[in-house]
Amino acid sequence: MPQQPHRVTLSPFPWRQNCAAAARLHRMASMRLTDWSSSSTTTSRLLPFSRTSNPARSYAVCPARRLLPMLPPNIASPVRLLTARRDFSASSVKAMMSVEACAKVIDGKAVAKKIREEIGAEIARMKSETGVVPGLAVILVGDRKDSATYVRNKKKACETVGIKSFEVCLPEDSAEQEVLKHISEFNDDPSVHGILVQLPLPSHMNEQHILNAVSIEKDVDGFHPLNIGRLAMRGREPLFVPCTPKGCIELLHRYNVEIKGKRAVVVGRSNIVGMPAALLLQREDATISIVHSRTRNPEEIIKQADIIIAAVGQPNMVRGTWIRPGAVIIDVGINPVEDAKSPKGYRLVGDVCYEEASKVASAITPVPGGVGPMTIAMLLSNTLTSAKRIHNLP
Ligand SMILES: Nc1nc(=O)c2c([nH]1)NC[C@@H]1CN(c3ccc(C(=O)N[C@@H](CCC(=O)O)C(=O)O)cc3)C=[N+]21
């Protein structure tokens with residue numbers, strides 16, 4: 001099962017939330033942003049974005065798309081907007097335009113697969129030339145179903161690229177000391193190059209104590225304060241960058257979205273996504289704003305963005321009208337909403353109302369199949385980097 005609705009603070013009916021419901025709730029309640037990145041996982045599905053081309057119709061490129069720089073043809077083909085057919089009345093053309101999306105889909109699932117292949121090839125070479133096999137240790141405390149699924153997915157991803165995985169599962173009521181003991185063992189174990197403590201931890205544990213205990217050389221999550229601190233400073237280099245924000249930037253790079261000089265707005269200021277995402281964008285020479293739960297005019301600020309990274313954990317919170325035409329949207333949210341038509345009884349939606357946003361933006365990540373798979377790919381990448389650094393390999 002996915003993340004439970006206790007995370008959804010905006011709506012008393014989180015399972016029912018769609019764009020229209022979100023709009024009503026926004027009018028009813030003063031808007032509240034929360035400071036975590038939403039997450040949940042089951043199986044990975046790629047959001048389809050297929051257009052059937054009908055030769056009887058004439059097409060034109062959506063004007064917003066012109067704002068997006070060159071996109072790699074191998075990742076996704078140009079998406080065209082159905083605009084007109086000679087014999088249509090003006091009103092029917094307008095109606096059709098309103099149902100046609102025009103944003104390019106940023107296919108995180110495909111990019112992540114490509115990255116896994118690149119990593120797999122490099123690990124195979126490293127193994128045969130040096131005998132070094134990268135190792136990743138994951139510590140899971142408690143029995144949250146979503147956490148168990150993430151950990152399982154990470155393990156599977158490690159197997160596909162040739163990373164050895166180590167796993168410790170501890171009961172919910174374990175003592176903090178027990179977790180610290182395992183961290184210390186992994187810190188000392190030369191076959192472990194990366195250590196990940198699955199978050200969130202049970203509430204009786206001090207997250208800070210635990211994250212501080214991970215050796216910074218093995219902090220593949222990039223959550224150690226020293227790594228975050230270096231990320232924030234000019235002229236300093238962190239050993240690792242947090243996986244989700246790194247995955248967001250990687251998607252922008254791989255889709256040739258220029259960041260330098262652009263206005264970027266990060267929605268959410270969590271330690272694990274929003275804040276490091278803003279720092280990374282700044283390092284890439286964007287001008288950044290962070291919109292959070294106390295921001296007075298979030299819509300106005302978001303509307304100025306060339307690039308939006310949304311990481312608040314509110315289903316469909318960012319509406320189409322908040323988006324500047326041609327903006328590029330990276331949606332980090334993975335929120336379960338009730339869906340009787342889905343076999344599981346729910347489906348996953350992002351923090352951005354995809355249906356609306358895809359008509360305004362020039363490119364957008366789907367949920368699922370966007371940032372989620374990239375997070376895991378970046379974890380593998382960080383683990384490989386760590387093994388290379390520890391063994392002094394090029
Ligand atoms: N120490 C730590 N590091 C983390 O990186 C970390 C964590 N704790 N706690 C939980 C969050 C969440 N997270 C995700 C990873 C992959 C998907 C993912 O692959 N999602 C797929 C599948 C979606 C589905 O169908 O369930 C998708 O979006 O397409 C999602 C979420 C990592 N997290």
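Buried residues, meaning those under 20% relative accessible area with a 1.4 Å probe and protein chains only, make up 53% of the 394 residues in the protein. This is a predicted model, in which local features need pLDDT of at least 70, side-chain atom pairs count only at pLDDT 80 or more, and totals for chains, interfaces and linings use all residues. Residues are numbered from 1 along each chain as its sequence is written, and side-chain values use heavy atoms, with hydrogens and water left out.

Contact here means heavy atoms within 4.5 Å. Of the contacts with a separation of 6 or more, 72% are between residues 24 or more positions apart.

Let's turn to a pair of helices. Two packed helices are described by the angle between their axes and the distance between the axes. Each axis is a line fitted to C-alpha atoms, for helices over the stretch in contact, and angles run from 0 to 180 degrees between N-to-C directions. The axes of helix α4 (residues 145-161) and helix α12 (residues 371-390) come within 10 Å and cross at roughly 55°. That angle makes α4 oblique to α12, since angles under 35 degrees count as roughly parallel, over 145 as roughly antiparallel, 65 to 115 as roughly perpendicular and the rest as oblique. α4 passes α12 in a right-handed crossing, the term for a near helix turned clockwise from the far one by less than a right angle, with anticlockwise being left-handed. On the α4 side, N153, K154, A157, C158 and V161 meet I376, L379 and L380 of α12. By class, this contact of α4 with α12 has 6 nonpolar, 1 polar and 1 charged residues; Ala, Val, Leu, Ile, Met, Phe, Trp, Tyr, Cys and Pro count as nonpolar, Asp, Glu, Lys and Arg as charged, and the others, Gly among them, as polar.

Each of these helices also holds a residue worth a look. S147 is found in α4 and counts as buried because its relative accessibility is 2%. Leaving aside residues up to four places away in sequence, S147 touches L140, Q198, L199 and P200. A387 is found in α12 and is buried, with a relative accessible area of 0%. With the same exclusion of residues up to four places away, A387 touches M126, P134 and H193.

Next comes helix α9 (residues 274-283), which is mostly covered, as 7 of its 10 residues are buried. These are G274, P276, A277, A278, L279, L280 and L281. They pack against α7 (225-232), α8 (243-254), β7 (263-267), β8 (287-291) and β9 (307-310). After α9 comes D285, whose phi is positive, near 70°.

How do α8 and α9 sit against each other, and at what angle do they pack? Their axes are 8 Å apart, at an angle of about 40°, and the two helices are therefore oblique to each other. Their crossing is right-handed. P245, K246, I249 and L252 in α8 meet P276, A277, L280 and L281 in α9. The residues of this contact divide into 7 nonpolar, no polar and 1 charged.

Terms used: Helices (H or I, at least four residues) and strands (E, at least two) are DSSP runs, numbered from the N terminus. Buried means under 20% relative accessible area, exposed over 50%, partly exposed in between (1.4 Å probe, protein chains only).
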